[in-house]
Amino acid sequence: MSDFWFMGGYARYVWPCFGFAGIVLLWNIWSARRALAAAKFRATRAMAMAAGEAP
Amino acid sequence: MTVGAWEAFWLIVHREMRLSFRRPEQLLQPLVFFLIVTTLFPLGLSLRLSLLKDIAPGVLWVAALLASLLSLDSLFKSDADDGTLEQLALSGQGLTVIVVAKTVAHWLVTGLALVLVSPIVGTALGIPTDAFATMLLSLALGTLTLSWLGAIGAGLTIGLRRGNVLLSLIVLPLATPLLIFGAAATERAISGASVVGALYFLAALCVFTCTLAPFAAAAALRITLE
Amino acid sequence: MWTWFYKLASPPHVFGVAVALAPWLFSAAALAIAYGLIAGLAIAPPDYQQGEAFRMIYAHVPSAILSVTVYTVMAVASAVALIWRIKVGHAVAAASAPIGASFTLMTLVTGSLWGRPMWGTYWAWDPRLTSELILLFLYVGVMSLRSAFEDPARGDRAAALLAVVGVVNVPIVHFSVVWWNSLHQGATIVTLEGPKMPGSMLWPLLSMWLGFMLFYGAVLCIRVQAEVLDRERQSAWVREAIKS
């Protein structure tokens, strides 16, 4: 099992490599969901303002 | 009296040249910038002239790139500011002819000027005179291509806040092949290797850009003027 | 027969499709990536030349393919939006840009970490690496240009034009290893003689590639919803859509 983590001596390249890839994938999910939440907020606010202005 | 496309082209080129020469100081700015930037490198690196020629092609090209970028802002800006650009667009001539005329005129007063000044700069950087022919040709092709890339960028960024930063951000990535092959051509001329490949590639880039860029630049103007 | 295609021009329809597809795409992506990682990291045999270091291929190559594919999608969507004035195209392009940029960064970093043990350097001014770096600059340029305009519609069109102009870099990235003497390895999967890799190494790679593509699709669905909402804020259908 420790051979797996050791990666034939290349561990200090292989694991940061996959680590960074994982971080990028996670960032994509997080950032996209944040963008959607923000867009929904802006749309709700726009509708509220339009409703508020209508007599 | 309807004006044909060729006539319109020459009229606009003529107008641009007359306007440019009305303010000669404006014409000198990119040239002086070119000279200053090229002197910064030997001063900063304090190399002997014989070693300088190793980095000379790169320095020359980076300086030419930056000097051209500096002048690209003015390609459409003053006409856009006073409404002339809209009048030209409405004139019925077609934006493409107008864009070609303005860009060619712009190259004549900036790119071509850089090419003519380059022997002085080349000597200052230690480039041997037998490499000058290649240097001049590669710079001529390169600055023309750059004027076209700049026309697209300028068309997209007219009137934006910090437009020139964006302009550089847009144009520089597109101009990197130019830089690579232009510097390579001059470098090979200095070391005596065959320059044919690099020059052919530069010429190909130039032709490719000159044929497609007018439409892209006209489209960019249409987006801005809408 | 082509109605499903024409409907894609309608923002509410695209919004609905994105909402429905996202969970499936995420699940499929997770499965493909999980298989790819397990098989690639633990089951595939070590390379006789590169040893265990070759396993970085399972992160580097899929991200590289994606970086270029996403740009192409962005350019095509931009062209569609510019030529036929279909606003959904702008939404897809705007949604794709940050995803593609992140994959390009992933490619550069994973490639750099792979290059250090294999070539002895974290970086080289080699045609493929340079053109991939330029790709990153192009993504950043497109995103910056879009946000620089006060009128979002104009910003969309300007960014779309830049995306289309920049697409010339895509074949350069791809063919750089063919046209120039490159430090970077040449094509090993799509060659005239078929893949140059044994199956045990190839299948995890294909699975990672598929997984990344599905992942892009999934994230795109989320971002497209946001982009469509921003562009269609004033429309009546938005009210219903947000309630969910």
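This is a predicted model: local features need pLDDT of at least 70, side-chain atom pairs count only at pLDDT 80 or more; totals for chains, interfaces and linings use all residues.
1. Where chain B touches chain C, the contact draws on 13 residues from chain B and 15 residues from chain C. On the side of chain B, the helices α8 (132-157), α9 (163-191) and α10 (196-225) each supply at least two residues, and α9(B) gives the most, with 6 residues. Sorted by class, this side of chain B has 12 nonpolar residues and 1 polar residue, while no charged residues take part.

2. Within chain B, helix α7 (residues 111-124) packs against α8(B) at an angle of about 150°, and their axes lie 9 Å apart. Since angles over 145 degrees count as roughly antiparallel, α7(B) and α8(B) are therefore roughly antiparallel to each other. Their crossing is right-handed.

3. The residues that bring these two helices together include B:Leu114, B:Val115 and B:Ser118 in α7(B), which meet residues of α8(B), among them B:Leu136, B:Leu139 and B:Thr143.

4. Which residues are in contact with C:Leu162, leaving aside its neighbours within four places in sequence? From chain B they are B:Leu156 and B:Ile170, and from chain C they are C:Gly141, C:Val142 and C:Leu145.

Technical notes: Residues are numbered from 1 along each chain as its sequence is written. Chains are lettered from A and ligands numbered from 1 in the order in which they are written. Two residues are in contact if their C-beta atoms, placed from the backbone, lie within 7 Å. Helices (H or I, at least four residues) and strands (E, at least two) are DSSP runs, numbered from the N terminus. Ala, Val, Leu, Ile, Met, Phe, Trp, Tyr, Cys and Pro count as nonpolar, Asp, Glu, Lys and Arg as charged, and the others, Gly among them, as polar. Axes are lines fitted to C-alpha atoms, for helices over the stretch in contact, and angles run from 0 to 180 degrees between N-to-C directions. Angles under 35 degrees count as roughly parallel, over 145 as roughly antiparallel, 65 to 115 as roughly perpendicular and the rest as oblique. A crossing is left-handed if the near helix is turned anticlockwise from the far one by less than a right angle, and right-handed if clockwise.
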